[in-house]
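I opened the notebook to look up a few places in this protein, one entry at a time. Follow along in the viewer if you like.

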Amino acid sequence: MINTDESYRSLPVGCAPQPVAVPHFPDTLHTIIWRNWDVISVNRLAEVLHGTPEQITAIAVSMGLPAQRTIPPGELRRNYMTVLHRNWHLLSYPQLCQLLGWDVPTMQFYLNEDDFMWSKLGGYKPECPPVHYCTPNAATQARAREIARIMEEKFGNALHLPSEPLFGFIDRFRETKVEAIAPASGGFQIRMVYPYFLRYGDPLRGEGIDDIPEGYLAELAASGVNAVWLQGLLNTLAPWDLAPELSVGWEERLANLRRLVKRCRAYGIDVFLYLNEPRALSRSFYEKYPELRGIDEIPEGKDHLPDVVGLCTSTPAGQAFLVNSVRHVFENVPDLGGIFSITFSENLTNCYSRGRNGNTCPRCQKRSAESVHAEVYTLLEQGMRLAGSDGKLLSYVWTTLEQWIPGIIEEITERASVLCVSEFGLPFTRGDYSGTVNEYSISAVGPSEKSRRQWASARRRGLKTAAKIAAVSTWELPTIPYIPALRLVGEHLFNVAAEGIDALLLGWTNGGSPSPNLELVAEFVCNPGQSVDEAMHAVARRRFGVAVSEEIVKAWNHFSDAFEEYPFDAAVCYNGPQALGPANLLYLEPSGFRATMVTFPFDDLEKWRGPYSVETLQGQFEKLAQLWKPGVELLDTLRHANPSSAIEDEWRNSKAALLLFESAINQIRFVRARGSDHAAAAAIVRSEMNLARELFDLAAVDSRLGFEATNHYGFIRFDLAEKILNCESLLARLERGNI
């Protein structure tokens, strides 16, 4: 490690590789200034880099960057993930903490608890030496002037023109512009999304809930949404006498939760806590309480933090923790709608949350895995009832060991609703590959026979049923606000309605944007007898007007036909380049880095392709783009013939999706060609430059593009401008033959 300060030694480093090279900038200092120019104030940058604001600004100007916009003080609390991943390969932990305004425990908390941040960043911290300001030498100045020349040539004054600032889309919802509908009292009694703007890791600390404006809640209500969820960590929401230091700030969190619940209930929206409990604790905790020790973290590659151990739920103290913590929360926030919980996930929780490894626990090895999982749900439900709450419990009985599911359903508390991924296990074929869906699919329409069997098992016990579907956006393409394949969404809604499902979880963290997709949900709630085509036409008439509704539906059908060709697999969704598109850099030589979960695709074609052959992966994206394009062209014609902000938004969203798909094709082709066909590689580089330039213009107008609730911004305008620098640098090398 470069840093020797003891306080930083506790932070994880993994294999600590050298950072990825960025040769299109003259040095790391210039790279840092470029990548942070639209996310960190120049004053903070100057402090971190040991320069003056004037010196930092001079370097920015020398590269052709515009005057820095005013970055609101509160923006960083919304945008820390953007800052973290764009500096992960540039700055050491001390400088990263200073940049973010975090202390070491805060950094540790977010790496541990913010939606698998450590895994998303690769499971390692690159070894970055300190970077401080120094006066640029002649060669560095010359390269900066060349960068400025390229920016002038490719962008003119576009970099300097006003654009919608990051998170500017929130202001669209500051005023209530719609009236809530009164849904029918039939099926889908719960219709739940994750709030589009809410940060994930610790959203109830500070001013986070104020990021949810009144107009947004009204939009949700008008779309038939009547519940939202947010992550809760019990050891931060309720004091625990065995580890009181973990719950510092619980009073503030619960006060903010009460405010959020009150605001949401004014629009007929309940608030649910997502609980994945009990969370693993540090090894030092078990030095004091060895009798509570569950199973050790089982490392899976380098993606998991190595310093935590599970809290055994077969111990009286572990059980009391769950019951009393939930009771405390619901006594302090009595109007909570309930709990949405999972007991098997990437987090280490109960002793069977890592599969059969529960057999290594001396207590749990005497019990069945089904009993341990079911008991966790029962304990959570018991805590609600002891608080006098009639809150609902959605038990998300997902596990990679499917044989456990029937037993869990048989033993689960009788007041639970059994929540299943609707498309879980659904067979599909794309090209010459056939597989089954795990989750996160709009391209494959459920429900599956496996989910039908699970719901049937629940009904035999008299339990209610719930379906997790993807109605708005998924990891298939998370960096646009919604995937406009409305026919596929409508077919899924129609199918689960026919199953008599009681509740809908309408997506994961990337599914809360107001959209035609959510309006389609409202149609099936208010008019349950209509067909998918009738529902689509109703949404199109209401949102875009009668005159253009037929053409809008035609475009949605084009997108639906296209999206059925998406090369679906979790590995493709998580690792592929389609989410960043032309913001992902190209490398003439292999970078040596593996793609990371929904954050850094790098040039890792092997992980991009998942179970597909390279040829099939490329071919499926080519089919997808070819079928998607007519829908974009149709909307382009409509927006010129019938100018309106609604049609313009619909075109821009679908056009951005097309650019992301086309870039994925380019990047697959480039990796295949770069070592052998330099002419083909050069042509692909030029195409990528054009795509980056087009997406730049779209992102300048719509700050939703590139955004997702847990990752924040996957790309911003300056990343797309950097891609052009990257491409110009590669072209120069290709033309010189300097490979």
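**Entry 1: Proline 516**

I started with proline 516, which lies in helix H19, residues 516–526. A reminder to myself: this is a predicted model. Is proline 516 buried or exposed? I found a relative accessible area of 0% for proline 516, and since buried means under 20%, proline 516 is buried. I then listed what proline 516 touches, leaving out residues up to four places away in sequence: Tyr482, Leu486, Val539, Arg543, Trp556 and Glu650. I also checked proline 516 against asparagine 157, and they are 359 residues apart in sequence and 35 Å apart in space, C-alpha to C-alpha.

**Entry 2: Tryptophan 250**

Next I went to tryptophan 250, which is in helix H12, residues 250–265. Which residues does tryptophan 250 touch, not counting those up to four places away in sequence? I noted Thr236, Leu237, Ala238, Pro239, His328 and Asn332.

**Entry 3: H21 against H24**

I turned to a helix pair here. Two packed helices are described by the angle between their axes and the distance between the axes. For helix H21 (residues 546–563) and helix H24 (residues 614–641), I have an angle of about 165° and axes 7 Å apart. Angles over 145 degrees count as roughly antiparallel, and H21 and H24 are therefore roughly antiparallel to each other. I wrote down their crossing as left-handed.

I went through the residues that meet. H21 brings Val548, Glu551, Ile552, Lys554, Ala555, His558, Phe559, Asp561, Ala562 and Phe563. H24 brings Leu624, Leu627, Trp628, Pro630, Gly631, Val632, Leu634, Leu635 and Leu638. By class, I have 14 nonpolar, two polar and three charged residues in the contact of H21 with H24.

**Entry 4: H2 against H5**

The crossing of H2 and H5 went down as right-handed. I see Ile32, Arg35 and Asn36 in H2 meeting Val83, Arg86 and Asn87 in H5. The contact of H2 with H5 has two nonpolar, two polar and two charged residues.

**Entry 5: H4 and its two faces**

Which residues of helix H4 (residues 53–62) are buried? I have Ile56, Ile59 and Ala60. They cover an arc of only 100° around the axis, so I place them on the same side of H4. The face of H4 turned away from the buried side carries exposed Glu54 and Val61. I found the buried residues of H4 packing against helix H2 (28–36) and helix H3 (42–49). After H4 comes glycine 64, with a positive phi near 85°.

**Entry 6: H6**

How many of the eight residues of helix H6 (residues 93–100) are buried? I have six, and H6 is mostly covered. The buried ones are Tyr93, Gln95, Leu96, Cys97, Leu99 and Leu100. What covers them includes helix H1 (6–9), H2, H3, helix H5 (75–87), helix H7 (104–113) and helix H8 (117–120). H6 is followed by glycine 101, whose phi is positive, near 75°.

I looked up positive phi values outside glycine. Histidine 50 has a phi of about 60°, and I found histidine 50 in the loop between H3 and H4. Its relative accessibility is 51%, so histidine 50 counts as exposed. Phenylalanine 602 has a positive phi of about 50° and lies in the loop between helix H22 (570–575) and helix H23 (605–609). At 4% relative accessibility, phenylalanine 602 counts as buried.

I finished with cis peptide bonds. One joins glutamate 277 and proline 278, with omega about -5°, and proline 278 sits in the loop between strand E3 (270–275) and strand E4 (281–282). Another runs from glycine 446 to proline 447, with omega near 5°. I placed proline 447 in the loop between strand E11 (433–436) and helix H17 (449–460).

How values were computed: Residues numbered from 1 in each chain as written. Predicted model: local features only at pLDDT ≥ 70, side-chain atom pairs only at ≥ 80, totals over all residues. Heavy atoms only, no water. Axes fitted to C-alpha atoms, helices over the stretch in contact; angles between N-to-C directions. Helix = DSSP H or I, 4+ residues; strand = E, 2+ residues; numbered from the N terminus. Parallel < 35°, antiparallel > 145°, perpendicular 65-115°, else oblique. Left-handed = near helix turned anticlockwise from the far one by under 90°. Contact = heavy atoms within 4.5 Å. Nonpolar A, V, L, I, M, F, W, Y, C, P; charged D, E, K, R; others polar. Buried < 20%, exposed > 50% of the residue type's maximum accessible area, 1.4 Å probe, protein only. Arc of directions from axis to C-beta.
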